[in-house]
Amino acid sequence: MSDLDAFRAEVRAWLEANCPAEMREPVRDEDDICWGGRKFQFKSEAQKLWLERCAEKGYTVPDWPKPYGGAGLSAEETKILKQEMKRIGARSPLDSFGIWMLGPALLKFGTEEQKVHYLNQIARGEIRWCQGYSEPGAGSDLVSLQTFGEDKGDHWVVNGSKIWTSYADKADWIFCLVRTDKANKYQGITFMLFDMESEGVSTKPILLISGNSPFCETFFDDVKVPKDQFVGEVNRGWDVAKYLLGHEREMISGGGAGGDMVSVGALFAKSLGRNDHGELDDPILRAEMAAFDTDVFAYRAMGERFMDMWKTGRAHPASSNMMKYVGTELNKRRHELVMAGGGSDALEWDSEESRGGARARSWLRTKANSIEGGTSEVMLNVIAKRILELPGA
Amino acid sequence: MPLYHNDDQAMLKDSVAPFVAEQAPVSHLRTLRDTADETGFSRELWGQFVEMGLPGMLVPEDHGGLGMGHMEAGIVLEEIGRNLTPSPFLATSVGAVAALAKAGGTQASRWLPAIAGGEAIVALAIDEGPKHRPDRVATTATRSGNGFRLDGKKDFVLHGHVADMSIVSARTDGGITLFAVPKNAKGLTADPRRLVDSSLASHVTFDGVEVDADAVIGEVDAGEEVLNALLAATRTGAAAEMVGVGQGAMDMTITYLKERKQFGKLIGEFQGLQHRAAHLYGEMEVARATVMKAQQLLDEGSEGAKLMVSVAKAKAGRAANLAVREGVQMHGGIGMTDEYDIGLYMKRDRALAEFMGDVHYHTDQVARMNGY
Ligand SMILES: Cc1cc2nc3c(=O)[nH]c(=O)nc-3n(C[C@H](O)[C@H](O)[C@H](O)COP(=O)(O)OP(=O)(O)OC[C@H]3O[C@@H](n4cnc5c(N)ncnc54)[C@H](O)[C@@H]3O)c2cc1C
Ligand SMILES: Cc1cc2nc3c(=O)[nH]c(=O)nc-3n(C[C@H](O)[C@H](O)[C@H](O)COP(=O)(O)OP(=O)(O)OC[C@H]3O[C@@H](n4cnc5c(N)ncnc54)[C@H](O)[C@@H]3O)c2cc1C
C-alpha cells in the first residue's frame, strides 16, 4: 500500500468515527452552514461537535501548516481528504471568509506573530471576518476609496464608510482597506484588521432582491485602530488586497461547476416527464439543458487544468479572472434553467414545500456572482489587457 | 496525470510545431487549392511526416509504431489545425489505427505496419447521409462464397478516392460489421467532391463488392465496439484539430487588433472588441482543457471517456466556430477577401464541425448519457 493509500484508509476511518450522521445530510439552507465566530449560534450539538473535531485535527484548513491550525497536508493528501468527505456527503465543518480570503493573504504577507495569532483563530472558527473593500464611490474602481486613517502616533483614527459589506452585522472583525496617504492613489492604502466592536463602528443591513439581507452599510466614526494591526506594509495594502481578490475569485468561480450537483437535465427529466424515447419532454428546454451540461463538464475540465497549472506555477497570474468570468456566468445560466425547469413551483416565495422559496431566492442570489469580487466586465478588461495584451490604459 | 503537457510532450510539440509551420503553412493549402490538386494533400509532405515517424504514433510498437497516446496525437493535430494543413493524418493515423488496434487480428497485422511505414492511406466510410448518424447503416454485407458481398453507399469519405483501404461499416445478419476494403476492389467507385475548405471527400458506392472473409475487422456482427473505438479517437482528434483552427484564427485576430488603426486608435483599444476577444479567449481555454481531458481519459481507457469525447467535440466545435466568426468580423472588410487567410479558417472550421458529429449531435449525446 502506498503512503497515499494508507492516508486514505486513515482518513476514511477517522471520518467514519467522527463525522456525526446529521452532518452527512445535504445542506438545505443558510441555517445549516457553520460560520463560527463569537456571535454564532450553533444549530445543533452535532454541528458544534463536527467543527470542534475537525479543528482539533486541523481539517478545517487541511493544507495550512500545523503551527497555524492546519493539518500540514500536501496537495495530494488534501485532495484525498476532500474526496473522502465528499464520498460520505460530509458538510463543510466551517465556511469562512477567514479561510477563503484573509488566511491566504496572511500566509503570504503576515508576520510570524500574526500568522500564529490570527490563523489559529480562523482555523478554529473563533473569529468571523468580514471584508471592507467597497465604498459608495469605489466599486469597480476600488483604488478611489476615501475611508481615511489619520496617523496618531501609536494608532490610526479611521473615518469613512463601506458598502456591500457581507455579514458585517454578524462579523467579529473586519479586514479593511483604508487610505493612509492621500497623495498617492495606489501606494497610499493600508490593509488593516480591527474588531467590529471597536467604538465608532456601526452597521446597517441592506435588503437584497432575494429578500435576504446578508450585507450592510458599514460606518466608521473616529475608530481607533492600533498601529500594529495591519498586514504587509503601511501604504502598500493594495498588494495584499489584490492577492486576496485572486483567492476570492477562485472561491466564487467554484460555483460554476455546481459542486457535486447532478446534471440539470437529469434533475428535471423526472418532474418534467419524458417522451416515448425517454427524452425530456420539452425539446427546446432539453436542448438548452444539454448545452448547459456540456459546458459544465467542459468547465470542470478547465477547473482541473487550472488547478494543475496553478499549483505548479504554470498558470498565467490573471487566469483566475478568466475562471471567475466563465464560472459565474455559467452559474447564472444554471439557475435560469433551474427556474425554467421548476415552472410555477419554482416561483413560490414562502411556502413550506418550497423551503421558503429557496429556488427563487438562490436564483436571485446568483445574479451577484458576476458582480461580487469584481464584475464580469472588469474581469474581461483584465483578461484583455494582461493576458491578451491588447493596447490601451 | 496533470492536465498539461509533460516534458516529453512539450518536446514533441517543440519539434512538431515548427515543422508543420515551415513545411505546410496556410500557403501550402493555397497552392493545392489553386492548382486544383487531385489528391487533396501532398504526397511529398506526407513523406516528411513519415520521416518524422508521425503516421505511426498511435500504432502499437509490435506493429512497427511508436505506441504513443491520444494526448501526443493531439499535439500534431493541433498544429495541423493551426496551419490548415491538408493531410490524411486524422483519418489514417488516428481513426483507422484506433479501429485496427482495437480489433487486432489479420487486418491489424496487415495494415498497421503499412500505416506506420507511410505506405497506406486509409479512409473511413461510416456515414451515409449529409449528417453524422453512425448507427444508421443501410449498407449491407451478405455472405457470399468464402466472404461477403457489399452493397450500398457512403458519404463524406475523406481521401476516399485515393485511399489504399477503406474501413466500411455494414449491416450483417446479427449487427454491424466493419470491413477492410482495398483500393481497386471490383464494384467500388469513389466520386470525389471538393468541399468548401478545398479538401476532397467522396461519395463512395459499393455495387456488389466482393471481399474475403478475413476482410472483417474484429468479429462479424460485433463491429460496434471497434466502431466505437474508431469514433472516439476520430472525434477527439477532430476536436484537437478544431482547437488548433480556433487558436490560429484567434491569434491572427488578436494580432490584427494590435495593428489596425481606426478613429486615430488601435482598434484593440476599443472595449467593445476587447470584451469579445477576452470572452473568446475564455471559451478557447475551456475547449482546450476539455479536449485534453478527453485525450487523457481515452489514454487511460477510462469509463468516463465516452462522455468527455462528446463534450470535447461539442465544446471545441462551439469555441472554434466563435473564433472564426469573430475573426472575420473583427478584420472588417479585409476579413472577407480571399487573399487574406482568416476566411480559410472559417471554411476549415465548417468542414471539421460536420466531421464525425456536429455540436448538436454531441450535445444530444451528452443528454442521453446523462439519462434524459
Ligand atoms: C452579494 C454581494 C456581496 C458583496 N460582498 C462584499 C463584501 O463583503 N465586501 C466588499 O467590500 N464588497 C462586497 N461586494 C461589493 C462588490 O465587490 C462590488 O459590488 C463590485 O466590486 C462592483 O462595484 P459596484 O457595485 O460599485 O459597481 P460599479 O463599479 O458602479 O459598476 C456598475 C456597472 O459598470 C460596469 N463597469 C464599471 N467599471 C467598468 C469598466 N472600467 N469597464 C466596463 N464596465 C465597467 C460594471 O461592470 C457594472 O456592470 C459585494 C457585492 C455583492 C453584489
Ligand atoms: C463585401 C463588401 C463590399 C463592400 N463594398 C463597398 C463599396 O461598394 N464601397 C465602399 O466604399 N466600401 C465598400 N465596402 C467597405 C466597407 O464599407 C468597410 O469594409 C467597412 O466600412 C468597415 O471598414 P474596414 O473594413 O476598414 O474595417 P475597420 O474599420 O478596420 O474595422 C475592423 C474591425 O474593428 C471594428 N471597429 C472599428 N472601429 C471601431 C470602434 N470605434 N469601436 C468598436 N469597433 C470598431 C469594426 O467593427 C471591425 O470589426 C465593402 C466591404 C465589403 C466586405
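**View 1. The interface of chain B and chain A.** Chain B and chain A bury about 3,400 Å² between them, 64% of it from carbon and sulfur atoms (accessible area, 1.4 Å probe, lost on being put together, summed over both parts). In chain B, Tyr4(B), Tyr281(B) and Tyr372(B) lose the most area to chain A, together 23% of what that side buries. The contact takes 42 residues from chain A and 40 residues from chain B (heavy atoms within 4.5 Å). This is a predicted model: local features need pLDDT of at least 70, side-chain atom pairs count only at pLDDT 80 or more, and totals for chains, interfaces and linings use all residues. Side-chain values use heavy atoms, without hydrogens and water.

**View 2. A salt bridge between the chains.** Lys293(B) and Glu304(A) meet through their side chains, N to O, at 2.9 Å. Four salt bridges cross the interface of chain B and chain A (side-chain nitrogen of Lys or Arg within 4 Å of a carboxyl oxygen of Asp or Glu).

**View 3. The shared site of ligand 1.** Residues from chains A and B surround ligand 1, so the site is shared between chains. The shell holds 18 residues; among the closest are Trp164(A) and Thr375(A) (a heavy atom within 4 Å).

**View 4. Polar atoms around ligand 1.** An oxygen atom of ligand 1 sits 2.7 Å from a side-chain N or O atom of Glu377(A). An oxygen atom of ligand 1 is 2.9 Å from a polar backbone atom of Tyr133(A). On the chain B side, a polar side-chain atom of Gln271(B) lies 2.9 Å from a nitrogen atom of ligand 1.

Notes: Residues numbered from 1 in each chain as written. Chains lettered and ligands numbered in written order. Polar contact = N/O pair within 3.5 Å; in protein donor to acceptor, adjacent residues only side chain to side chain. Buried area = accessible area lost by both parts, 1.4 Å probe.
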